[in-house]
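Thanks, everyone, for making the time this morning.

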Amino acid sequence: MVVLAIPGIGLRLSGAHPDPVIQAVVYGVAILAAAFLLAWAAEALQVDISQGLAIALVALIAVLPEYAVDIAFAVRAGNDPSQAPYAIANMTGANRLLVGIGWPVVFGLFWWKARRYVLELERGHAIEVVALTIATVFSFSILFADGITVFHSVVFVVIFIGYVFLIARAPVEDPHLVGPAETLGSLPAARRRLTVGGLILFAAGAVIASAEPFAESLIGAGVELGIDEFLLVQWVAPFASEAPEFLIASLLAVGGRPSAGIGTLVSSKVNQWTLLIASLPIAYALGGGGWGGLPFDDRQWEELFITAAQSLLAVVLITRLRFAWWGAAMLLVLFLVQFFIPSSDVRMAIAWIYLALAAVVIALRPSAVVWLFRTAREVAAEHGGGG
């Protein structure tokens with residue numbers, strides 16, 4: 001992975017500008033390689049820090065490439081308003097991939113391994129689900145504004161800080177590393193910390209070097225290949241940066257820890273649906289766009305609406321800390337329909353179906369949300385997190 005990341009760094013340092021398709025491939029591979037390095041290093045951190053905090057850090061560090069690409073679009077939008085749609089496209093695409101593909105895949109691997117139709121989450125994951133629930137409910141307020149504002153950023157950051165504060169005191173499961181993360185974790189303490197730190201710094205450098213030109217080359221490649229560049233930004237870029245998370249969660253599921261696998265993806269969803277959104281208006285302002293917020297048009301409004309609606313159904317499905325086969329099937333089918341038929345009418349129809357299904361599930365289990373919040377409070381109190 002280090003070798004795969006080097007060409008992207010070298011191309012950026014050289015100042016060369018080859019064909020956009022070549023650039024997209026070189027920089028995309030560098031970001032993908034860096035994402036794997038970050039994910040493995042973050043997993044190895046579980047040896048040295050509390051397990052609850054490790055889960056949050058794994059999710060946060062693993063999605064740094066996603067942040068870098070999205071922030072690059074938002075900064076450029078400050079001087080070029082035409083870039084604003086790409087920032088929102090990248091963010092909504094990443095969130096919908098995580099839930100629409102990631103969650104069902106982990107459940108499918110769990111079913112394949114255990115032949116069971118309900119995946120039980122550990123009680124400690126209640127804090128993550130509560131944080132995602134609060135962030136999801138608040139995210140609908142964006143739809144009534146003219147853009148994603150700094151006010152939204154502040155609230156999302158507060159939600160994330162509260163989540164990390166509590167999750168750090170609520171260990172979920174004992175560390176069970178696999179693959180390269182296991183190799184890193186088994187090193188002597190001093191060597192392990194030095195190696196993990198070096199990998200994180202190297203990978204972060206690769207991401208910083210590659211993110212902006214990757215974002216730019218994707219658009220150029222779309223024009224050259226005759227592909228809708230909006231769709232490239234929305235799905236290809238997030239897929240590259242989300243791949244390590246999917247791999248980690250899948251390995252956990254196959255290794256007999258499906259709860260940790262889903263927990264990792266839920267935690268990733270929390271930080272993407274809080275910090276990632278929060279970063280966009282700030283990056284837009286720092287890029288020269290002013291502090292009025294990152295604007296969006298009707299197409300981006302639809303993307304935000306369907307993403308918020310999908311998120312609501314997702315949290316409703318796991319409020320009892322149980323993820324059933326029919327819930328995984330609904331998330332997968334609805335995602336695939338709007339992915340393969342990317343029309344405005346289909347997006348809006350799917351969004352309303354998400355909301356309708358969420359309402360039905362809530363009506364069938366009216367006490368589930370109260371139970372979830374009570375459980376999260378108990379877990380936080382048990383581990384010193386307070387009420």
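Let me begin with Glu 302, which forms a salt bridge with Arg 347, the closest N and O atoms being 2.8 Å apart; please keep in mind throughout that this is a predicted model. Glu 302 lies in helix α12 and Arg 347 in helix α14 (residues 344–364), so the pair ties together parts that are 45 residues apart in sequence. Glu 302 counts as buried at 13% relative accessibility, and Arg 347 likewise counts as buried, at 5%.

Staying in helix α12 (residues 298–317), we find Glu 303 and Arg 299, four residues apart, or about one turn of the helix, and these two form a salt bridge with a closest N to O distance of 3.2 Å. Here Glu 303 is buried, at 1% relative accessibility, whereas Arg 299 is partly exposed, at 23%.

The structure holds six salt bridges, and another one of them joins Arg 123 to Glu 378, with the closest N and O atoms 3.3 Å apart. Since Arg 123 lies in the loop between β1 and α6 (126–139) and Glu 378 in helix α15 (residues 368–382), this pair ties together parts 255 residues apart in sequence.

Turning to the nonpolar side, the largest core has 115 residues, of which Trp 103 and Phe 323 touch the most other members, and helix α5 (residues 84–114) gives the most to this core, with 13 residues. Among the contacts of Phe 323 beyond its sequence neighbours are Trp 103, Phe 107 and Tyr 117, and Tyr 117 itself is partly exposed, with a relative accessible area of 49%.

Notes
Residues are numbered from 1 along each chain as its sequence is written. This is a predicted model: local features need pLDDT of at least 70, side-chain atom pairs count only at pLDDT 80 or more; totals for chains, interfaces and linings use all residues. Side-chain values use heavy atoms; hydrogens and water are left out. A nonpolar core is a set of buried Ala, Val, Leu, Ile, Met, Phe, Trp, Tyr and Cys residues joined through side-chain atoms within 4.5 Å. Buried means under 20% relative accessible area, exposed over 50%, partly exposed in between (1.4 Å probe, protein chains only). Helices (H or I, at least four residues) and strands (E, at least two) are DSSP runs, numbered from the N terminus. Contact means heavy atoms within 4.5 Å. A salt bridge is a side-chain nitrogen of Lys or Arg within 4 Å of a carboxyl oxygen of Asp or Glu. Lists of a residue's contacts leave out its neighbours within four places in sequence.
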